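Subject: Structure handover

Hello,

Here is the structure for your files. Please open it first, then read the notes below.

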Amino acid sequence: LAQAHAALAEGDLDTARRSAETFLSTFPESPAAREAEYIVQRANAGDPVTGSLVGVLLPLSGTYASPGQRLQKVIEMANRHSGSPMTLLFMDTQGDPDRTVELLEELVLERGAVAVLGPLLKESAASAAEAAQALHVPLVCLSQAEGLTTDRPYVFRGFLTPVQQVQQLVEHAFTRLGMQRFAVLAPDNSYGRLAAEA
């Protein structure tokens, strides 16, 4: 598998394909089988790479369209403010985990994206993180779901988790400000309950 990755990095697509296929035939049940399959797909597609292309996976329609569309505007504005170094390609996940992975694969294997932002929803985050790791493409996840980056060096966080936020707030209040008592005012929803528990 390491030989396949090295050959892919050098642009030797035939060797990359053969090495990955050998890995798959020798270790078909390996946890890294998906990674090898992606190498074969990349080699077969000519390993397209578009240097400035960054894919963005957001729910732009459906139930979560409103936060998705707001994030799209923020990302576009940040890119413009930075001199537009990235070519952004927004893809509508429609809030569907399976569609999210399909779009991630399309962005990397067909469009040549060098990095991906998203997804936003917790339900899609774990499967997208798993696919990004197997694809060896950097993914900056916009979800606050726990455990996304564990053992996944290609997956990064765009936000602190609720638990991390609470830990920092409590540390600041007790260590820096010397407070000794506190009360919790939290909304009665999943975020509020998680924060109160933390």
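Helices here are DSSP runs (H or I, at least four residues), numbered from the N terminus.

This is a predicted model: local features need pLDDT of at least 70, side-chain atom pairs count only at pLDDT 80 or more, and totals for chains, interfaces and linings use all residues. Residues are numbered from 1 along each chain as its sequence is written, and side-chain values use heavy atoms, with hydrogens and water left out.

Helix α1 covers residues 2–10, and A4, A7 and L8 are buried in it. Buried means under 20% relative accessible area, exposed over 50%, partly exposed in between (1.4 Å probe, protein chains only). The buried residues of α1 line one face, because they fall within an arc of 100 degrees seen down the axis. The arc is taken from the directions from the helix axis to the C-beta atoms. A2, Q3, A9 and E10 are exposed on the other side of α1.

**Aromatic pairs**

There are two aromatic pairs in the structure. Rings of Phe, Tyr and Trp (its six-membered ring) pair if their centres lie within 6.5 Å; planes under 30 degrees apart count as stacked, over 60 as edge-to-face and the rest as tilted.

F23 and F27 form a tilted pair, because their planes stand at 50 degrees, with ring centres 5.3 Å apart. F23 is buried at 13% relative accessibility. F27 is partly exposed at 45%.

F174 and F182 pair edge-to-face, 5.8 Å centre to centre and with 85 degrees between the planes. F174 is partly exposed at 32%. F182 is exposed at 59%.

Best wishes

Notes
Helix = DSSP H or I, 4+ residues; strand = E, 2+ residues; numbered from the N terminus.
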